[in-house]
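Please consult the sequence and structure shown below.

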Amino acid sequence: MKISTKGRYGLRAFIDLASYGMEEPVSISSISSRQDISERYLEQLMALMKKAGLVKSTRGAGGGYMLAKDASQISVGDVLRALEGNMEPASCAALNPEETCAAEDTCVTKYVWQKINKSMADTVDGIMIDTLVRMNKTAGKEENDGKEIDLFG
């Protein structure tokens with residue numbers, strides 16, 4: 001599966017928002033400036049994330065966006081699903097209870113698709129936004145000392 005520009009830019013914007021929006025709302029223009037993403041595109045991405053309940057907005061002077069819940073409770077999968085929709089790289093009617101497949105009883109490839117889909121979901125659901133915020137803060141700094149940050153734990 002290939003993640004679209006919507007997913008890639010949206011995740012970057014979300015990490016930026018989580019990094020800078022702990023105390024007060026973050027403006028689209030400030031995210032745009034830091035991430036080099038157009039304001040119009042960011043508005044579209046934020047609308048999708050707001051609809052999914054990941055961000056909340058405040059209008060007026062000093063307004064902007066904030067996370068709807070703590071970054072430790074939001075996974076990369078939550079953000080990508082809000083932006084991309086279904087994240088399953090392989091669809092198979094035999095794995096969907098609402099669909100039927102003529103070869104369901106004899107086709108063994110459904111197990112391959114099931115394993116690929118589960119692996120992808122486990123990966124994106126296992127990486128929490130707060131971990132990426134910490135990584136973002138230490139990226140390129142000597143404090144990180146070249147040590148890898150455990151994304152899953």
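Along the sequence, the protein chain of this predicted model follows the pattern α-α-α-β-β-α-α-α, with 6 helices and 2 strands. Helices (H or I, at least four residues) and strands (E, at least two) are DSSP runs numbered from the N terminus. Residues are numbered from 1 along each chain as its sequence is written, and side-chain values use heavy atoms, without hydrogens and water. Local features need pLDDT of at least 70 and side-chain atom pairs pLDDT 80 or more, whereas totals for chains, interfaces and linings use all residues.

**Chain totals**
- Of the 153 residues in the protein chain, 33% are buried (under 20% relative accessible area, 1.4 Å probe, protein chains only).
- Among contacts (heavy atoms within 4.5 Å) with a separation of 6 or more, 63% join residues 24 or more positions apart.

**Helices α2 and α3**
- The axes (lines fitted to C-alpha atoms over the stretch in contact, with angles from 0 to 180 degrees between N-to-C directions) of α2 (residues 28-35) and α3 (residues 39-51) come within 9 Å and cross at roughly 115°.
- In α2, Ile28, Ser29, Ile31 and Ser32 meet Glu39, Leu42, Glu43 and Met46 of α3.

**Aspartate 16**
- Aspartate 16 lies in helix α1 (residues 5-20) and counts as buried because its relative accessibility is 3%.
- Apart from neighbours within four places in sequence, aspartate 16 is in contact with Ile31, Arg34 and Gln35.

Technical notes:
Buried < 20%, exposed > 50% of the residue type's maximum accessible area, 1.4 Å probe, protein only.
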